[in-house]
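Trainee: Could you walk me through reading a few features of a structure? I'd like the general idea, then the case at hand.

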Amino acid sequence: MLAVAIFAALPTCVPAQNPSQEVCARPAVGSAVPEPEDLRSKGGVLRVELIYRNVVDANGQMRYCYVSKDGGQAPTLRLNPDDELILSLKNELTGPVQIMGQSAGQSAPRLSKLAVAQTADKTAKGDSMPITAPMTMQGPCAAKKMTSLSTNLHFHGLTVPPICHQDDVLYTMIQPGDGPFEYRFKVPTDEPPGLYWYHPHVHGFTKAQVLGGASGALIVEGIERANREVAGLPERVLIVRDQDLVNPNAPPSKSDSALAPPVMLDAEGDVMNTGTGTGKPAKDLSINFVPVPYPDYHPAVIAMKPSERQLWRVLNASAITYLNLQVAYNGVAQALGVVALDGVPINQNGVPGNSVLWQTHLGVPPGGRIEFIVKGPAEGVKGTLVTRGVNTGSGGENDPERPLAIITASAKAPETQSTLAVNPAPLPAQGSTWLGNVKPVRTRKLFFSETLQNPNDPNSPTTFYITVDGETPKAFDPSSMIPNITVRQGDVEDWIIENRTQEVHAFHIHQVHFMLLQWFGLPANEPYLRDTINVPFWDGKSAVYPMVRLRMDFRDPNSVGTFVYHCHLLEHEDGGMMGLIRVEPKNDGASKPNAISERKPRLCGRPHLVGMSLPGRHR
Ligand SMILES: [Cu+2]
């Protein structure tokens, strides 16, 4: 469904005129999948200078891009635990300005003085990781205005403090004309090795910027130290992004036309879920910026050496599109060896050993990451990477089955840019008790809901909510400093997230990870950590709403502060589906959650990925 119409159509800029100087240039349809530029830390420091640009492309769509000093787009930032990232971001967005929530005569939302003071106070007291740069709470830290040209960065999945110059998205607003803004933080010593990512997070404008391509990967090195099964493997970063349809008025391709269901649009123009796994998609997809547009889905090309094993590190950086990845050779689905979810190796669960979870399809919600071993096809065998259809519910967008890339096998295939160490030193054992063995200090319930602005008009705009049970649903208000939830650092809590809408939502929380305990009320044998999870849709008639039960980990001192939880379908987030949580500093001796005392439900069979199985018939 569509977001609340709180702002008008996107700004229009002057299209790029000289191809040799094209801003945010993108590869052609059918290209080989390029690898993003790798920027690696040296001597414990990674210095990065990014310029943030935008342009209207030939199709009239707004592109956004992060450009490195070398001219590369959306570079992969590679750091080790304990390394420092010093990232300078220069906002060079152009175009007419739209202001969040502003109609004629209104002023833009501003932070209260209390908010700025609290943030400054926290920084000054050093509640969290020490900051080595002199910081002020003026300028971009003071959230003077939030507009379509404002930006900031969220380091999705990293456990770094939610404060300005680190991972704050509430108050940090960088405007065009500001000088380069410096992000500076240290990757925590115990940050799990895996795939994280960066993207802008300006409430009301996040979807537009991410949809336009504003995203990149961040890798905490050392996954081969956590799991020897990937030692020595070539690695490949694959980022799937979505964008508005390049050919929105095209009829379905011949192969799809016999099955094509009727096209129904929501009021924002996105194709609604057909429930068939076919038909026109709500959004086009690209893989490392190679477009694979509707209706022909001419695939990109991934070249591998015959039968070569690689580690694929896949990020779903889509604004609203769910993925259900499958690799098939000569039409036969291949087993993919999952080693990490949302940046965390799956064996970081208190159980020693190198685990690999073999699956034939991998559901990835927007914002999610999955890292898995792929064995390339034999020479002459036809390979494909597809996303299978995802049933997003009657109110959701259409995510049909479609190819992303063909996989070719040739001894002449180029080497990947990066290969994991052959003989890595094992990662030290986790210092903290496995989350699944910690007794929660309390349980909370939150629910997703939506209302039509005009209940009598199904095509009227929707307002989106995530609400603590017992409260009245209220769209996120960026000018409010009142947290919806307050917890204390050191606590572990169970959260039930209920979906009272007829479309899927992807629950995400900044700063912390969680473990899935229950899916639809049934115990889930998923001893893994995540930061983003699909919450299945309600069918509109069942007496019980679909839910997930999550064990939330607030033990890390870096989680102290005020930050957000939200739906990672970004038009929902922009439309109000976000809440504030404040993690208070630990009260020494007041809460010691690290007791192994809860009796866990008896689980049968091998661990599996219940939460990765997306609802509906298209699996
Ligand atoms: Cu949502």
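**Reading backbone and metal features**

Mentor: Let's start with Phe520, which counts as partly exposed because its relative accessibility is 43% (buried is under 20% relative accessible area, exposed over 50%, partly exposed in between, with a 1.4 Å probe and protein chains only). This is a predicted model, where local features need pLDDT of at least 70, side-chain atom pairs count only at pLDDT 80 or more, and totals for chains, interfaces and linings use all residues. Residues are numbered from 1 along each chain as its sequence is written, and side-chain values use heavy atoms, with hydrogens and water left out.

Trainee: What is the phi of Phe520 near?

Mentor: Most residues other than glycine have a negative phi. Phe520 has a positive one, near 60°, and sits in the loop between β30 (514-519) and β31 (522-523). Strands here are DSSP runs (E, at least two residues), numbered from the N terminus.

Trainee: Is Phe289 buried or exposed?

Mentor: Phe289 counts as buried, because its relative accessibility is 10%. Its phi is positive too, near 75°, and its place is the loop between β11 and β12.

Trainee: Which peptide bond is cis?

Mentor: Most peptide bonds are trans. The one from Tyr294 to Pro295 is cis, with omega near 5°.

Trainee: What are the protein donors of the copper ion?

Mentor: Donors are N, O and S atoms within 2.8 Å of the metal (3.2 Å for Na, K and Ca); water is not among the atoms, so sites may look incomplete. Here they are His505 (ND1), Cys567 (SG) and His572 (ND1), lying 2.0 Å from the copper ion. His505 in strand β29 and Cys567 in strand β34 are 62 residues apart, linking distant parts of the chain. Both are buried.

Notes:
Helix = DSSP H or I, 4+ residues; strand = E, 2+ residues; numbered from the N terminus.
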